[in-house]
Amino acid sequence: MAAHFTGGFAEPPIESAAIFRAVLAAMSRPGSKVELATGVRPPSPLSTETAAVLLTLVDADTPLWVAPDLATADVCEWLRFHTGAPLVAEAEEAMFAVVTSGSPLNAVPAMSIGSADYPDRAATLILQLAQLGNEPTHELTGPGIESVVRFDTTVLPAAILTLIDRNRTLYPLGIDLIVTTPGTVVGLPRSTAVRCLETA
């Protein structure tokens, strides 16, 4: 059997519901690490966590852009088969995009930020990381945060930090960010403000 036919959810309704709850919890509590357990087996270099999030959130009605360092033939075929999502060549055409810290991120600012009439049409960016740091460098404030959350941004690419800072000026428009790491998912929705601890 071809590799792209296997490795998806064994019980899609149950597993996708569990992943959706994890992502929802992460987006509701920005900066918090939420456990994300999954048995999916995507082709490398797509991580199991990123794959599970994509299987849950992406479908035939959500154009997907995959950064070149992730877009191997096996990954693209796997995503097409398991999600049905149209894979687009330009990030600006996507409702979802997936990147790594090593991806070329110059295309990210062109992604949809929504509009005044339809802010819900903003794009979502999924950032796949090997790990998150444990030494807080910034404070997060905004909806879902009781006072402040301290967060280590040292492993986030500069382009992602710029995007987060731009979100603060655009809200309620902007790009939502989901960060996946081994065993966890972290949400940084467009409503989250990020301030360096040195100047907070």
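Which handedness, left or right, does the crossing of α2 and α3 have? I put this to the model, which is a predicted one, and read the crossing as right-handed.

**Helix pair.** I looked up the geometry next, and found that the axes of α2 and α3 (residues 73-83) come within 9 Å and cross at roughly 35°. On the α2 side I listed A51, L54 and L55 as making the contact, and on the α3 side W78, L79, H82 and T83. Sorting these by class, I noted five nonpolar and two polar residues in the contact of α2 with α3, with no charged ones.

**Helix α1.** I then checked the length of α1 (residues 12-28): at 1.5 Å a residue its 17 residues should span 24 Å, and the end C-alpha atoms lie 23 Å apart, which agrees. Turning to burial, I found I19, A22, V23, A25 and A26 of α1 buried. Viewed down the axis of α1, the buried residues fall within an arc of 160°, so they line one face of the helix. I recalled that an α-helix has 3.6 residues a turn, so residues three or four places apart point the same way. On the face of α1 turned away from the buried side I recorded P13, I14 and R21 as exposed. Among the elements covering the buried residues of α1, I noted β1 (34-35), α2 (48-57), β7 (176-181) and β8 (184-188).

**Peptide bonds.** The bond from S44 to P45 is cis, with omega near 10°, and P45 sits in the loop between β1 and α2. Another cis bond joins Y171 and P172, with omega about 20°; I located P172 in the loop between α4 (158-170) and β7.

Note on methods
Residues are numbered from 1 along each chain as its sequence is written. This is a predicted model: local features need pLDDT of at least 70, side-chain atom pairs count only at pLDDT 80 or more; totals for chains, interfaces and linings use all residues. Side-chain values use heavy atoms; hydrogens and water are left out. Helices (H or I, at least four residues) and strands (E, at least two) are DSSP runs, numbered from the N terminus. The expected span of a helix is 1.5 Å times one less than its number of residues. Buried means under 20% relative accessible area, exposed over 50%, partly exposed in between (1.4 Å probe, protein chains only). The arc is that of the directions from the helix axis to the C-beta atoms. Contact means heavy atoms within 4.5 Å. Axes are lines fitted to C-alpha atoms, for helices over the stretch in contact, and angles run from 0 to 180 degrees between N-to-C directions. A crossing is left-handed if the near helix is turned anticlockwise from the far one by less than a right angle, and right-handed if clockwise. Ala, Val, Leu, Ile, Met, Phe, Trp, Tyr, Cys and Pro count as nonpolar, Asp, Glu, Lys and Arg as charged, and the others, Gly among them, as polar.
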